[in-house]
Amino acid sequence: MAGLIGVAVNRMPAADVEVSADLVRRLLADQHPDLARLPVEFLANGWDNELYRVGDGLLARLPRRALGAEIIKNEQRWLPGLASRLPLPIPCPERTGVPAHGYPYPWSVVPYLPGVPAAQAGSFDPAGAATAVGGFLGALHVPAPADAPANPVRGVPLAERAGQDGQDLADRDAVLRGWDAVLAAPRYDGPPVWLHGDLHPANILVNDGQVSGVIDFGDLTAGDPAGDLSVAWMLLPLDCHDSFWSAYQAAGGRAGDALRTRAKGWALNLAIVFLAHSEDNPVLLEAGRHTLSAVLEDQRGPVG
């Protein structure tokens with residue numbers, strides 16, 4: 001099953017620096033004093049950054065390790081230009097900060113986007129989501145400049161992703177048939193386009209049943225749009241896929257059979273990744289199960 005799994009098993013790395021609400025308060029007081037009186041409260045941390053609520057409408061985003069600092073720099077440089085033409089809100093930096101008080105990295109203040117991740121939403125309107133996310137990606141996927149952030153595992157041909165075998169899958173033969181079809185599809189031959197890079201249901205927000213925003217642009221890069229478009233199998237029932245692709249094309253995206261095949265291949269790849277490496281993350285584990293089921297159902301085609 002070479003190429004199906006491209007992510008090594010890793011646990012959350014230790015922080016290179018200590019970040020705290022008190023540090024955020026001191027940084028705000030020095031560099032954005034008009035925000036200094038707002039309450040600051042820890043919200044969450046990921047591998048690379050910590051998030052703090054600043055009042056009701058803002059988030060402070062501070063890198064906890066050096067790699068996160070590079071991500072922040074990319075977001076500060078590129079997201080303002082992208083946000084202005086995207087049809088859904090994204091966490092575009094509204095303020096930026098510089099190292100101070102012993103803290104060594106740049107940091108940002110971004111809008112707080114209301115909603116919950118689609119992966120955790122009790123329900124949402126799938127037809128509306130198909131139109132919203134398809135349109136968002138059609139607007140995002142425009143040719144990127146030559147100095148767009150590079151990413152060795154996103155936007156690349158799936159055959160180039162490192163592989164691991166040994167997954168105990170009940171549908172192993174069907175998975176392998178699907179993978180063979182992906183490898184036989186024509187490779188992407190267009191210009192590298194802007195990519196979110198990590199678009200799955202945990203990075204799509206839903207508020208009152210409707211898609212309300214897209215978050216976590218840490219893997220922002222350029223390349224084949226198929227990786228982003230794999231979200232159709234992660235998020236939507238199959239009977240909403242036509243609406244998704246129609247919205248994508250209406251917003252400027254270029255579709256076709258080869259692109260759909262590659263996108264389905266990315267969905268298959270990422271399903272295996274989630275199943276293999278999300279034992280301690282029930283949200284992504286369930287996303288892997290759902291996505292694999294959707295890909296295999298699509299592969300079988302309609303019954304009767």
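The protein exposes about 14,100 Å², and carbon and sulfur atoms supply 51% of that area; accessible areas come from the Shrake-Rupley method with a 1.4 Å probe, and for residues only the protein chains shown count as cover. Please note that this is a predicted model, in which local features need pLDDT of at least 70 and side-chain atom pairs count only at pLDDT 80 or more, while totals for chains, interfaces and linings use all residues. Residues are numbered from 1 along each chain as its sequence is written, and side-chain values use heavy atoms, with hydrogens and water left out.

Of the 304 residues, 49% count as buried, where buried means under 20% relative accessible area, exposed means over 50%, and partly exposed lies in between (1.4 Å probe, protein chains only).

I turn to the fold. The protein has nine helices and 10 strands; these are DSSP runs, numbered from the N terminus, with helices being H or I of at least four residues and strands E of at least two. The radius of gyration is 20 Å, close to the 19 Å that the globule rule gives for 304 residues, so the protein is as compact as a globular protein of that length. That radius is taken over C-alpha atoms, and the rule is 2.2 Å times the number of residues to the power 0.38.

Next, the interior. In soluble globular proteins, nonpolar side chains tend to be buried together. Here the largest nonpolar core has 60 residues, and V133, F136, L137 and F244 have the most contacts inside it. Such a core is a set of buried Ala, Val, Leu, Ile, Met, Phe, Trp, Tyr and Cys residues joined through side-chain atoms within 4.5 Å. Helix α8, residues 257–277, gives the most to this core, with 10 residues. Apart from it lies another core, of 19 residues, including L27 and Y52.

Finally, I compare two arginines. Is R61 buried or exposed? R61, found in strand β3 (residues 58–63), is buried, with a relative accessible area of 12%. Not counting residues up to four places away in sequence, R61 touches, among others, E50, E75, W107 and D216, a contact being heavy atoms within 4.5 Å. R95, in strand β4 (residues 95–97), is partly exposed, with a relative accessible area of 25%. With the same exclusion of residues up to four places away, the residues that R95 touches include H32, D34 and W107.
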